[in-house]
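Let's walk through this fold together, one feature at a time. Keep the viewer open while you read.

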Amino acid sequence: MQKVIISVQDLRKTYGEFEAVKGISFEVYEGEIFGLLGPNGAGKSTTLEIIETLRQKTSGKIVVDGLDLDKNPNDIKKIIGVQLQASGFYPGLNLVELINLFAGLYNQTVDPLEFLDKVNLRDKAKAKFKELSGGQKQRFSIATTLINQPKIIFLDEPTTGLDPQARRNLWDLILDIRKQGTTVIITTHYMDEAEVLCDRVAIIDSGNIIAINTPNQLIDDLVATGFERPTQVKKANLEDVFINLTGVNMREE
Ligand code: ADP
């Protein structure tokens, strides 16, 4: 049995009359990458932000690493890392200054250059945040979630708007973070991304969880119903062609 690190029971969230999250329950296991998948407006960010203690729930019970969200929100904050949107960074500070700022907030001592090495941004140490490319900004913002050495990190659509190389670099980074033992919760509406990254996924639609399992099992279950793709599946897709022609190396992302 794997250890449960997040337990969500019958979570509801209403905005006025509108019920955005309609009584969902799920568990996240320690050390896994857990995906919340769903179309826009499904309730993914609402769910994530409630667990992150950033938004009030309407009802339900949430326990994070044995800590009850209603009783110990501040203790939960200490063991989680939350990815800020790009607007959350001072655009005029350079990366070393930003890392020192975050480290100060979390009361941690970190070596900024060593830290930037981990996410392949050492050569940008003196660059201002606003001067980074989209992919570099995302890599940096994921790096900052690790400064307080959290047990769990939350990534809300980390690859939206990135080109294929930048996405794959980010996937490698996220897989690497899991390898170090950190639990990752990620939202995405890219199914290829979920298939590559996630150990298990919950599919949310209109505030309800309609399926939860490993990507493989969900696919097998669908195939078992007699489902077949309408066209013959090729062994590569256009993205493979693109990556094959232009390479997977870091570049101006
Ligand atoms: P997702 O992350 O899956 O795109 P969200 O959790 O952002 O979905 O939103 C779920 C639903 O709740 C959407 O219909 C959205 O418009 C609504 N919603 C989100 N935040 C608020 C808010 N602060 N006030 C009112 N409605 C909101």
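**Reading the fold, step by step**

A: L101 is found in helix 3 (residues 95–105); helices (H or I, at least four residues) and strands (E, at least two) are DSSP runs, numbered from the N terminus. This is a predicted model, in which local features need pLDDT of at least 70 and side-chain atom pairs count only at pLDDT 80 or more, while totals for chains, interfaces and linings use all residues. Residues are numbered from 1 along each chain as its sequence is written, and side-chain values use heavy atoms, with hydrogens and water left out.

Q: Is L101 buried, exposed or partly exposed?
A: The scale comes first: buried means under 20% relative accessible area, exposed over 50%, and partly exposed in between (1.4 Å probe, protein chains only). L101 has 34% relative accessibility, so it counts as partly exposed.

Q: Now the sheets. What is the order of the 6 strands that form an open sheet?
A: Two strands pair if DSSP finds at least two bridges between them. In this sheet the order is 6-7-8-3-9-10, and the pairing is mixed. Strand 6 (80–82) and strand 10 (208–213) each have a single partner strand, so one side of each is left without a neighbour in the sheet. From one strand to the next, the twist averages 15°; the axes behind it are lines fitted to C-alpha atoms (for helices over the stretch in contact), and angles run from 0 to 180 degrees between N-to-C directions.

Q: How many bridges join strand 8 to strand 3 (residues 33–37)?
A: There are 5, and the two strands run parallel. Look for G35, whose bridge partner in strand 8 is I186. Strand 8 also pairs with strand 7 (residues 152–156), in the parallel sense and over 5 bridges, and there F154 stands opposite I185. Moving on to strand 6, you will find it paired with strand 7 in the parallel sense over 3 bridges, with G81 opposite I153.

Q: Which helix lies between strand 7 and strand 8 in their β-α-β unit?
A: Handedness is read like this: with the strands pointing away from the viewer, a crossover is right-handed if the path from the first strand over the helix to the second runs clockwise. Strand 7, helix 6 (residues 164–179) and strand 8 make a right-handed unit.

Q: Why is strand 8 largely enclosed by the rest of the structure?
A: In a regular strand the side chains alternate between the two faces of the sheet. For strand 8 (residues 183–188), T183, I185 and T187 point one way and V184, I186 and T188 the other, and all are buried. With 6 of its 6 residues buried, strand 8 is therefore largely enclosed.

Q: What about the open sheet of 4 strands: what is its order?
A: The order is 2-1-4-5, with antiparallel pairing. Strand 2 (18–29) and strand 5 (67–68) stand at the edges, each with a single partner strand, so one side of each lacks a neighbour in the sheet. Strand 1 (residues 4–15) pairs with strand 4 (residues 59–64) over 5 bridges, and the bridge partner of S7 there is V63.

Q: How many salt bridges does a search of the whole structure find?
A: A salt bridge is a side-chain nitrogen of Lys or Arg within 4 Å of a carboxyl oxygen of Asp or Glu. The search finds 16. K57 and D70 meet in one (2.8 Å, N to O). K57 lies in the loop between helix 1 (44–51) and strand 4, and D70 in the loop between strand 5 and helix 2 (73–79), so the pair ties together parts that are 13 residues apart in sequence. K57 is buried at 17% relative accessibility, whereas D70 is exposed at 52%.
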